[in-house]
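Let's walk through this one together, going from the backbone to the packing. Keep the viewer open as you read.

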Amino acid sequence: MNYIDTKIKTSALVLSEVDMEEIKQLKNSSKKDMQEGALPDSLSLCKECCIAIVDDEPINIKVAQKYLEMDGYKNFVTTTEPQNALSIFRKSPPDMILLDIMMPEISGIDLLRTMRDDETLSHIPVVILTASGSAELKKEALDLGANDFLAKPIDPNELLPRVRNVLALKKYQDQLSEYANNLENIVLQRTEDLNLSRLELVQCLGRAAEFRDNETGQHVIRVGRYVNLIAQELGFSKAECELHEMAAYLHDLGKIGVSDAILLKPGRLDDKEYEEIRRHAKFGKQILEPASKKEADSLFSHSEIGSKILGGTTSPLLLLAGRIALTHHEKWDGTGYPMGLSGESIPIEGRITAVADVYDALSSKRPYKDAFPLEKCLAILREERGIHFDPQVLDAFLNRIEDVLEIQMEYSDNG
Ligand SMILES: [Fe+2]
Ligand SMILES: [Fe+2]
């Protein structure tokens with residue numbers, strides 16, 4: 001059957017030919033079903049759905065719409081110009097589409113294909129209206145995701161239950177999708193809350209360790225912020241920078257294991273006392289991460305204590321914090337502690353924190369020294385380039401000195 005023949009056949013159906021009695025029967029049976037509770041509430045809600053009808057013959061639209069209106073549907077968007085259908089749907093997506101196949105300008109198949117490739121329209125169910133019995137055409141439409149077929153001329157006994165089923169399914173899908181969206185929003189909100197409380201807990205823990213020798217506890221916050229800047233400059237991702245910042249808040253956690261007499265001593269430390277304070281790096285590692293017997297034996301001094309405190313974790317944050325606690329006093333030339341690692345065998349997070357930590361110690365007042373002016377701090381850092389510090393890491397820090405000074409002001413020990 002060619003296009004013209006098809007049109008003649010389908011256009012032959014006029015409203016006056018509609019079996020009004022049949023429609024009334026259908027309507028009554030629907031009502032009866034509703035009264036008996038056979039139709040769930042969601043099906044009655046379907047009557048509010050918007051049904052689009054695309055057909056180049058106005059009479060076909062009129063007939064289908066009339067049948068549907070008599071069954072209680074109220075909202076329609078119709079067009080006899082298929083070339084305008086997509087823009088109409090994009091502006092206000094309908095709940096389902098009754099789509100004619102044989103139309104001039106653009107066929108229903110082409111429209112369907114375009115819709116399935118369009119993210120905003122691909123989920124809308126489509127029922128194909130066709131006078132053609134072509135199996136090939138049906139297969140093509142099904143392959144493109146058509147939901148159902150209706151033969152022309154339209155039979156209300158087929159139209160109404162099919163529309164009802166398609167809309168009921170669409171309603172359930174919408175509800176599921178809304179539920180999934182709500183769930184996703186709740187998860188996002190909870191994750192945000194959890195991240196915030198994690199950040200606050202980590203900051204509190206870091207500040208607690210610092211509290212005895214630095215009443216404001218701002219040292220660990222500044223070091224964490226400097227570490228973030230350096231990591232940014234070295235090309236770490238935003239998430240990695242934030243993780244490094246948080247982990248660096250805990251770099252001196254092992255100080256918990258160092259006695260007040262040594263930690264708060266105003267003057268110079270003797271060799272024994274210095275040896276004791278060095279233990280904080282090892283303590284920090286042990287607190288943050290479980291050390292094997294072999295590893296523990298290879299560690300010594302203050303790094304050991306911090307490490308022990310942070311033990312027993314598989315959390316990426318605490319594992320990173322454990323490595324920072326252990327290695328933030330290692331030096332590029334291998335003369336640092338606790339392990340005397342050198343060059344790139346020192347984890348990058350340790351090399352970064354070393355620069356941040358030393359700068360903060362130089363630029364802050366300590367029991368044994370006053371705060372040094374900026375130029376003196378920078379001169380000392382530069383002298384240690386390639387000796388104490390990884391040259392690349394130091395350069396990254398110096399590149400961001402303006403931001404460093406802002407952080408220094410914001411988190412000043414003087415409030
Ligand atoms: Fe330290
Ligand atoms: Fe420190």
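Predicted model: local features only at pLDDT ≥ 70, side-chain atom pairs only at ≥ 80, totals over all residues.

Start at Pro153, which lies in the loop between strand E5 (148-151) and helix H8 (156-210); helices (H or I, at least four residues) and strands (E, at least two) are DSSP runs, numbered from the N terminus. Residues are numbered from 1 along each chain as its sequence is written, while chains are lettered from A and ligands numbered from 1 in the order in which they are written.

Another cis bond joins Tyr337 and Pro338, with omega about 10°. Look for Pro338 in the loop between helix H16 (316-327) and helix H17 (348-363). Glu105 is worth a click too: its phi is near 70°, a positive value in a residue other than glycine. Glu105 sits in the loop between strand E3 (96-100) and helix H6 (108-116). Most residues other than glycine have a negative phi, and most peptide bonds are trans. Is Glu105 buried or exposed? It counts as exposed because it has 10 C-beta neighbours inside 10 Å; the cut-offs are 20 or more other C-beta atoms within 10 Å for buried, 12 or fewer for exposed, and partly exposed in between, with C-beta atoms placed from the backbone.

Now for the sheet. Five strands make an open sheet in the order E2-E1-E3-E4-E5, with parallel pairing; two strands pair if DSSP finds at least two bridges between them. Strand E2 (75-79) and E5 are the edge strands, each pairing on one side only. From one strand to the next, the twist averages 20°. Strand E1 (residues 50-54) and E3 run parallel and are joined by four bridges, and Val54 has Leu99 in E3 as its bridge partner. Helix H4 (residues 58-70) packs on the sheet and touches E1, E2 and E3. H8 packs on the sheet as well, touching E1, E3, strand E4 (126-130) and E5.

Which residues have the most contacts inside the largest nonpolar core? They are Tyr226, Ile230, Val355 and Ala356, in a core of 41 residues. Such a core is a set of buried Ala, Val, Leu, Ile, Met, Phe, Trp, Tyr and Cys residues joined through C-beta atoms within 7 Å. Among the elements giving two or more residues to this core are H8, helix H9 (218-233), helix H10 (238-248), H17 and helix H19 (391-399). H9 provides the largest share, eight residues. Leaving aside neighbours within four places in sequence, Ala356 is in contact with Val223, Tyr226, Val227, Ile230 and Ala248; contact here has C-beta atoms, placed from the backbone, within 7 Å. A second, separate core of 36 residues includes Val63, Leu68, Ala146 and Leu167.

The axes of H9 and H10 come within 8 Å and cross at roughly 150°; axes are lines fitted to C-alpha atoms, for helices over the stretch in contact, and angles run from 0 to 180 degrees between N-to-C directions. The meeting residues include Val223 and Val227 in H9, and Met246 and Ala248 in H10. The axes of H17 and H19 come within 9 Å and cross at roughly 50°. In that pair, Arg351, Ile352, Val355 and Tyr359 in H17 meet Val393, Leu394 and Phe397 in H19.

Methods:
Contact = placed C-beta atoms within 7 Å.
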